[in-house]
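Student: I'd like to learn how to read salt bridges in a model. Can you walk me through it?
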Amino acid sequence: LELAIHLIGLHCGPDRAGKVVHQMTVAKNTSSSFVDRRKALGYASSSNRRLHEAVMLMEKHMAEPLEIEAIAQLVGTSKRQLERIFVVETRNTPAQFYRQVRLRFGRWLLVSSDRQIGEIAFECGFADAPHFIRQFQSAFGLSPCKLRRALERDELADLL
């Protein structure tokens, strides 16, 4: 498992490696695993079952994001209680956290594929490319185009 994660991290980046560990090791109904659940999640140091389930739902529904109320209902809690859990555990609301997950996925797609930015925007659940670009620039400090240009010039290490 460690070798697989190392190779995924080397070729696809640490975000993707963390996601793979999370999906391989964090089961819904298991009480413990040989891999520390908190490290496997990669997003928060929590053992809260509802938080883990909500994050998994977010990851599975990036192209067509679920409403926070629907996520809360699917994990067996109220929207307000889910918001409390997220704020305590991640210091973000569920909506902010969801947006970060989708933007990290978009960054990975920009780095690992040659898809057009509009395609990536839709795959990450954004209504259009300009909205994705604004959110991306706000989150990462550079536009998707600048990220790609830096990749072409092999300047990525300096920017990320």
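Student: Let me start with one side chain: is Arg80 buried, partly exposed or exposed?

Tutor: Keep in mind that this is a predicted model. Arg80 comes out at 46%, so it counts as partly exposed.

Student: Which residue does Arg80 form a salt bridge with?

Tutor: The general idea goes like this: side chains of opposite charge can pair when their charged atoms come close. Here the partner of Arg80 is Glu83, with 3.5 Å between the closest N and O atoms. Both residues lie in helix α6 (residues 79–90), 3 residues apart, about one turn of the helix. Glu83 is partly exposed too, with a relative accessible area of 22%.

Student: How many salt bridges does the structure hold?

Tutor: There are 3. Another one joins the side chains of Glu53 and Arg49, at 2.9 Å from N to O. This pair sits in helix α4 (residues 49–60), with 4 residues from one to the other, again about one turn of the helix.

Student: And Glu53, is that one buried or exposed?

Tutor: Buried means under 20%, and Glu53 has a relative accessible area of 12%, so it is buried.

Student: What about Arg115, which residue does it pair with?

Tutor: Arg115 forms a salt bridge with Glu123, and their closest N and O atoms are 2.6 Å apart. Arg115 is partly exposed at 31% relative accessible area, and Glu123 is partly exposed at 29%.

Technical notes
Residues numbered from 1 in each chain as written. Predicted model: local features only at pLDDT ≥ 70, side-chain atom pairs only at ≥ 80, totals over all residues. Heavy atoms only, no water. Salt bridge = Lys/Arg side-chain N within 4 Å of Asp/Glu carboxyl O. Helix = DSSP H or I, 4+ residues; strand = E, 2+ residues; numbered from the N terminus. Buried < 20%, exposed > 50% of the residue type's maximum accessible area, 1.4 Å probe, protein only.
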